[in-house]
Amino acid sequence: AGHSSMTPSETCGMSADRPHQADAASSEPETEDEIPLAAIPRWAFFKLYGGLVHSEVPHGPCAGLTHGWLEAEIIEQASEKAQPGLLAELFSVSPYRARPKMDRTQLLERSVWTSACCTSSGWALPDAASLALRLEGLLAAEGSVEFRLSAHNAKFATLEIDGRRCEFDKHISWMASGMQHVKIEVFHLPNDAILDESTILLMQRQAGAEDWMEVNPKSWSQPSSWPLVAPTATAWRSSSGQTGCMPSALRAHPSCVISSEPAQPELSLLMLRSCDGSQSKNLAGDMTPTDDWVADFCSHLRKINYEVITVYVNSSDELREVSEAWDFSALKGKIKAAMILLWPSLSREPRPGFVEEASLFNFMERLEEIGISCSYPHSPRLYRTLASKAWTADLSGEEFQI
């Protein structure tokens with residue numbers, strides 16, 4: 001996806017969560033130091049965003065794993081002890097590039113900051129027409145915490161949290177709990193802005209509180225505290241059904257990297273989504289659930305071993321092609337359930353996020369018949385009754401007086 005306000009980045013998004021895994025704490029083989037790192041089988045728990053799925057099926061509607069365990073390569077081991085601070089990098093950016101990528105610009109200096117609210121990095125002012133600053137670290141939140149990030153002097157800025165990336169203007173807020181991998185990038189800074197404490201300002205407050213306070217520097221640790229992993233699979237598809245790009249490596253929580261084959265998931269979720277639902281903000285009047293919505297929902301599942309199979313469809317015709325038998329075989333969990341994130345419509349040309357009513361309810365009934373429970377938003381019979389407003393006639397007798 002191209003850069004636009006609050007949309008996934010040009011690189012495919014990917015993040016790691018902390019599902020409960022019985023084998024996660026298992027000890028490593030005693031001879032591990034004698035074996036090349038790449039030769040040791042590993043698995044990591046990945047979460048894919050931006051319409052990317054892992055799928056061995058090359059044709060038909062885009063369907064595949066988006067949250068779950070995959071074989072992985074350990075590119076960099078975690079540091080033995082958590083290193084405090086933020087990794088800070090300063091880049092020279094041409095003023096003629098409206099939406100540059102930092103990895104394609106000149107790196108000037110690298111340093112470690114103790115917090116994101118600094119008045120000076122200790123750098124000498126570089127001789128560059130325009131600057132870009134990247135801060136990266138692991139941010140710990142105790143309980144449910146709301147964070148607010150401000151980048152006053154930037155022409156535009158991006159925030160990436162556990163692989164989900166969005167662009168913002170001056171300010172952005174989000175809720176968090178536990179540990180997150182955070183990457184902040186601000187572009188087109190004037191030279192003197194590097195010494196200005198308002199360049200980056202990160203505040204926090206407990207859920208329900210009114211007063212903001214600066215984030216405690218002890219909440220930050222360097223990214224090297226987590227291992228750097230990448231999936232070894234090569235079969236990737238985009239939500240449009242085309243061959244997808246290989247996900248980039250990411251920092252994963254140590255509990256999300258194991259050396260023994262993962263146990264059977266306790267829960268397998270089938271998510272039916274629109275191809276147009278990958279943007280990371282809810283537009284006015286747009287009912288299509290986004291990546292942010294899905295990520296927030298799945299954040300509540302991290303205490304169990306789960307997986308998510310996502311099916312992206314762009315039309316009623318594509319929905320009719322989805323095989324319920326394939327869906328059942330793809331779900332490996334002890335409990336199989338479906339979340340229908342599309343809405344029924346009587347229009348023959350529905351807007352994004354909607355499909356023809358008959359096609360949707362037929363698909364839901366096929367799932368129920370094969371053993372996949374439609375848990376969200378309702379069972380097909382109740383959903384049909386609510387969506388068609390037939391319940392008003394059923395309840396219009398003397399007993400309810402509607």
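Residues are numbered from 1 along each chain as its sequence is written, and because the model is predicted, local features need pLDDT of at least 70 and side-chain atom pairs count only at pLDDT 80 or more, while totals for chains, interfaces and linings use all residues. Side-chain values use heavy atoms, with hydrogens and water left out.

**The chain as a whole**

The protein chain has six helices and 23 strands, where helices (H or I, at least four residues) and strands (E, at least two) are DSSP runs numbered from the N terminus. Of its 402 residues, 50% count as buried, a word that means under 20% relative accessible area, with exposed meaning over 50% and partly exposed in between (1.4 Å probe, protein chains only). Among the contacts in the protein chain with a separation of 6 or more, 74% are between residues 24 or more positions apart; a contact means heavy atoms within 4.5 Å. The chain exposes about 19400 Å², of which carbon and sulfur atoms supply 50%, with accessible areas taken from the Shrake-Rupley method with a 1.4 Å probe, and only the protein chains shown counting as cover for residues.

Strand β4, which covers residues 62–76, is mostly covered, since 11 of its 15 residues are buried. Two strands pair if DSSP finds at least two bridges between them, and the table lists pairings of β4.

| Partner of β4 | Sense | Bridges | Residues standing opposite |
|---|---|---|---|
| β2 (residues 43–48) | antiparallel | five | F46 and G68 |
| β14 (residues 228–231) | antiparallel | four | V229 and I74 |

**Local features**

A cis peptide bond, with omega of about 0°, joins Y376 and P377, and P377 lies in the loop between β23 (373–376) and α5 (380–387). Helix α5 is also the place of L382, which together with L386 and W391 makes a nonpolar surface patch of about 240 Å². Such patches are made of residues with over 30% relative accessible area and no salt bridge, like charges being joined within 9 Å and nonpolar side chains (Val, Leu, Ile, Met, Phe, Trp, Tyr) within 5 Å; a salt bridge is a side-chain nitrogen of Lys or Arg within 4 Å of a carboxyl oxygen of Asp or Glu. L382 counts as partly exposed because its relative accessibility is 40%.

K170 is not a glycine, yet it has a positive phi of about 75°. K170 lies in the loop between β9 (164–168) and β10 (171–189), and K170 counts as partly exposed because its relative accessibility is 31%.
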